[in-house]
Amino acid sequence: MAATASPAPELRRKKLRERLRILGFLSPWLVGFSVFFGYPLIATGYFSFMHYNQIEQPTFVGLRNWTYVLTQMPLFGPALWNTLWLVVVMVALRVVFGLGIGLLITKVKSGAGFFRTAFYLPYLAPPVAATVAFVFLLNPSTGPVNEILGALGIPAPEWFNDPTWAKPSLALLSLWGIGDLMVIFMAALLDVPKEQYEAAELDGAGAWSKFRYVTWPAITPIVLFAVVTGVVQTMQYYTQALVAGKLASGVSIGPGSVIQPGYPDHSTLTVPQLVYSLGFQNFNTGAACALSLVLFAIAMAVTTLLMRKRAGLLPADD
């Protein structure tokens, strides 16, 4: 019986060239992924088992950092609660508000360009500048918002100076910069085929039925994209909460000053602020790495749940 012939050398060279070409196209992503995600993730896992103050050599301490973060850190509970609150409330409000504004502008007969610009411009403001302006507007003593509420006879909240209103104030700040989601949803809404709306009208469908059976199925992938990216961004929420708390507290920030986040009463303290405080103010890099991995695991779990629910692997709510 004749032996099976091996592949021709020319065929092997062709396959090798094809693989090298594919690898060449993938190389920018592979390098970026390795340098900016893979190596930092491995290093974070390594230092989470070490005692390291960024000066001396790291020493192995086992699960001591994890035990401290999960069972002994006094502010971990409030910071995690605040972060999850912002994820649920802020992301939901931004998606609903952005979709609503997009629907309204797509229905406007005249002046749509003006409204698009008016809603998009606040998004272009730098986060620090936008937060400073918003804290000024909501200043309980001199802010114009409370002055207007007082003139109307409406009780004026303390906003960023009240632990009950501090997180809702941050949610309002996020709605002020809703321009990014508005543009994304407008593009998705304008991409829905008009023939489907015309067919729905012929069947006697009203405004809600057209949205429920025509618009919503077409824009569901975009809604999922907005929710997933919103969850990831809010899990990293840092700048606005820190700046708003410090401005509302009235404490001046100067060279060499140590910023203690969370004013008022730790109501604006988020997990990323706690990571920064541990790693760069207290120089407890090991605990900061363990805490950042906990945050990463929560973000991955929520994102995976959302993706699986969209894919139909989990029962979806009607």
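Asp 180 is buried, with a relative accessible area of 16%; buried means under 20% relative accessible area, exposed over 50%, and partly exposed in between, with a 1.4 Å probe and protein chains only. The exercises below start from residues like this one.

The model is predicted, so local features need pLDDT of at least 70 and side-chain atom pairs count only at pLDDT 80 or more, while totals for chains, interfaces and linings use all residues. Residues are numbered from 1 along each chain as its sequence is written, and side-chain values use heavy atoms, with hydrogens and water left out.

Find the partner of Asp 180 in a salt bridge and state which helices the two residues lie in.

Solution. Side chains of opposite charge can pair when their charged atoms come close. The cut-off for a salt bridge is a side-chain nitrogen of Lys or Arg within 4 Å of a carboxyl oxygen of Asp or Glu. By this rule the partner is Arg 94, and the closest N and O atoms are 3.0 Å apart. The pair links distant parts of the chain, 86 residues apart: Arg 94 is in helix α3 (residues 76-107) and Asp 180 in helix α8 (residues 179-190). Helices here are DSSP runs of H or I with at least four residues, strands are runs of E with at least two, and both are numbered from the N terminus. Arg 94 is also buried, at 14% relative accessibility.

How many salt bridges does a search of the whole structure find?

Solution. The search finds four. One of them joins Glu 201 to Lys 210, with 3.1 Å between the closest N and O atoms; Lys 210 is buried at 18%. Another joins Arg 17 to Glu 10, where the closest N and O atoms are 3.7 Å apart. Arg 17 is partly exposed, with a relative accessible area of 43%, and Glu 10 is partly exposed at 45%. Salt bridges link Glu 10, Arg 13 and Arg 17 into a network.

**Exercise B. Aromatic rings**

Start at Trp 29 and follow the ring pairs to the residues that form a cluster with it.

Solution. Rings of Phe, Tyr and Trp (its six-membered ring) pair if their centres lie within 6.5 Å; planes under 30 degrees apart are stacked, over 60 edge-to-face, and the rest tilted. The structure holds 14 aromatic pairs. In one of them, Trp 29 and Phe 33 are stacked, at 5.0 Å centre to centre with 20° between the planes. These two residues are four apart in helix α1 (residues 9-47), so about one helical turn separates them. Trp 29 is exposed at 54%, and Phe 33 is partly exposed at 36%.

The next step goes from Phe 33 to Phe 37, a tilted pair with 5.1 Å between centres and 40° between the planes. Both residues lie in helix α1, four residues apart, again about one turn of the helix. Phe 37 is partly exposed, with a relative accessible area of 36%. The cluster linked by ring pairs consists of Trp 29, Phe 33, Phe 37 and Phe 296.

Which rings lie under the charged ends of Lys 107 and Lys 167?

Solution. A charge sits over a ring if NZ of Lys or CZ of Arg is within 6 Å of the ring centre and within 35 degrees of the ring normal. Lys 107 has its charged end over the ring of Tyr 197, 5.7 Å from the centre. For Lys 167 the ring is that of Trp 85, 5.8 Å from the centre.

**Exercise C. The nonpolar patch**

Solution. Patches are made of residues with over 30% relative accessible area and no salt bridge; like charges are joined within 9 Å, and nonpolar side chains (Val, Leu, Ile, Met, Phe, Trp, Tyr) within 5 Å. Accessible areas come from the Shrake-Rupley method with a 1.4 Å probe, and for residues only the protein chains shown count as cover. The nonpolar patch covers about 1100 Å², and its residues include Leu 20, Trp 29, Phe 33, Phe 37, Phe 296 and Met 300. The elements that give two or more residues are α1 and α13 (285-311).
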